[in-house]
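The sequence and the structure come before the discussion.

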Amino acid sequence: MDKAKKQEFTRRISSSNRGGMIVVIYDIYFAYQQEALQWFEKGELKEYRAALRKAQQAVAVLRNALDFSYPIAKELYPLYQYAIRQLSTGFYRQDTQGITAANKVLRGLYGSFAEAARQDTSEPLMKHTQQIVAGMTYQRGNLTETIQDSMSSRGFFA
């Protein structure tokens with residue numbers, strides 16, 4: 001994953017509430033699985049396995065974040081386990097069938113979580129983060145980002 005994509009995910013994470021955070025983790029999974037497919041098509045198996053391992057870690061984060069005080073968690077857990085096993089199969093067999101099987105399950109779940117996140121009006125999980133405003137400037141075709149309130153203290157001084 002390139003630096004710009006990581007920065008985008010970092011920005012989204014810093015401004016997400018609980019529902020939005022799950023959607024971001026799903027998006028991270030989809031970015032790594034897409035990267036794995038691209039590496040596979042190029043025949044770069046070392047990079048393919050590295051991207052697949054990161055996709056697998058994203059699904060593990062989703063699985064580990066389940067709150068079993070809700071009955072739906074007991075139904076989601078085996079689905080996440082299945083996806084992780086399918087990605088492992090793709091890792092060791094060095095084919096894309098595992099990714100396809102995992103995607104079939106995770107794409108279906110993603111739509112539900114995205115809809116739930118749209119309805120979630122809770123506050124962001126991270127407090128005291130810098131506000132980033134993106135907009136067009138006088139230069140044609142350039143998008144600039146400005147950090148608002150950059151002079152305020154966000155923590156301890158050493």
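In this predicted model, Q97 lies in helix α5. With a relative accessibility of 57%, above the 50% cut-off for exposed residues, Q97 counts as exposed. Q97 and L87 are separated by 10 residues in sequence, and their C-alpha atoms are 8.7 Å apart in space.

Both residues belong to the contact between α4 and α5. Helix α4 covers residues 71–93 and helix α5 covers residues 97–119. Their axes come within 7 Å of each other and cross at roughly 150°. Angles over 145 degrees count as roughly antiparallel, and α4 and α5 are therefore roughly antiparallel to each other. Their crossing is left-handed. On the α4 side, the contact is made by L76, L79, Y80, Y82, A83, Q86, L87, G90 and R93. On the α5 side, Q97, G98, I99, A101, A102, V105, L106, L109 and F113 take part. By class, these residues are 13 nonpolar, 4 polar and 1 charged.

Helix α4 also packs against α3, with axes that come within 9 Å and cross at roughly 170°. That angle makes α3 roughly antiparallel to α4. From α3, the contact draws on Y48, R49, L52, R53, A55, Q56, V59, A60, L62 and R63. From α4, it draws on Y77, Y80, Q81, A83, I84, L87, S88, G90 and F91. This contact divides into 12 nonpolar, 4 polar and 3 charged residues.

The two pairs are set out below.

Which elements give two or more residues to the largest nonpolar core? This core has 33 residues, and those with the most contacts inside it are Y26, Y29, V59, Y80 and L106. The elements in question are α2 (18–42), α3 (45–64), α4 and α5. Helix α2 gives the most, with 11 residues.

L106 is one of the residues with the most contacts inside the core and is also part of the α4 and α5 contact. Leaving aside neighbours within four places in sequence, L106 is in contact with Y26, Y29, F30, V59, Y80 and A83. Among these partners, Y80 and A83 are on the α4 side of the contact with α5, and both also take part in the contact of α4 with α3.

Definitions and conventions: Residues are numbered from 1 along each chain as its sequence is written. This is a predicted model: local features need pLDDT of at least 70, side-chain atom pairs count only at pLDDT 80 or more; totals for chains, interfaces and linings use all residues. Side-chain values use heavy atoms; hydrogens and water are left out. Axes are lines fitted to C-alpha atoms, for helices over the stretch in contact, and angles run from 0 to 180 degrees between N-to-C directions. Helices (H or I, at least four residues) and strands (E, at least two) are DSSP runs, numbered from the N terminus. Angles under 35 degrees count as roughly parallel, over 145 as roughly antiparallel, 65 to 115 as roughly perpendicular and the rest as oblique. A crossing is left-handed if the near helix is turned anticlockwise from the far one by less than a right angle, and right-handed if clockwise. Contact means heavy atoms within 4.5 Å. Ala, Val, Leu, Ile, Met, Phe, Trp, Tyr, Cys and Pro count as nonpolar, Asp, Glu, Lys and Arg as charged, and the others, Gly among them, as polar. A nonpolar core is a set of buried Ala, Val, Leu, Ile, Met, Phe, Trp, Tyr and Cys residues joined through side-chain atoms within 4.5 Å. Buried means under 20% relative accessible area, exposed over 50%, partly exposed in between (1.4 Å probe, protein chains only).
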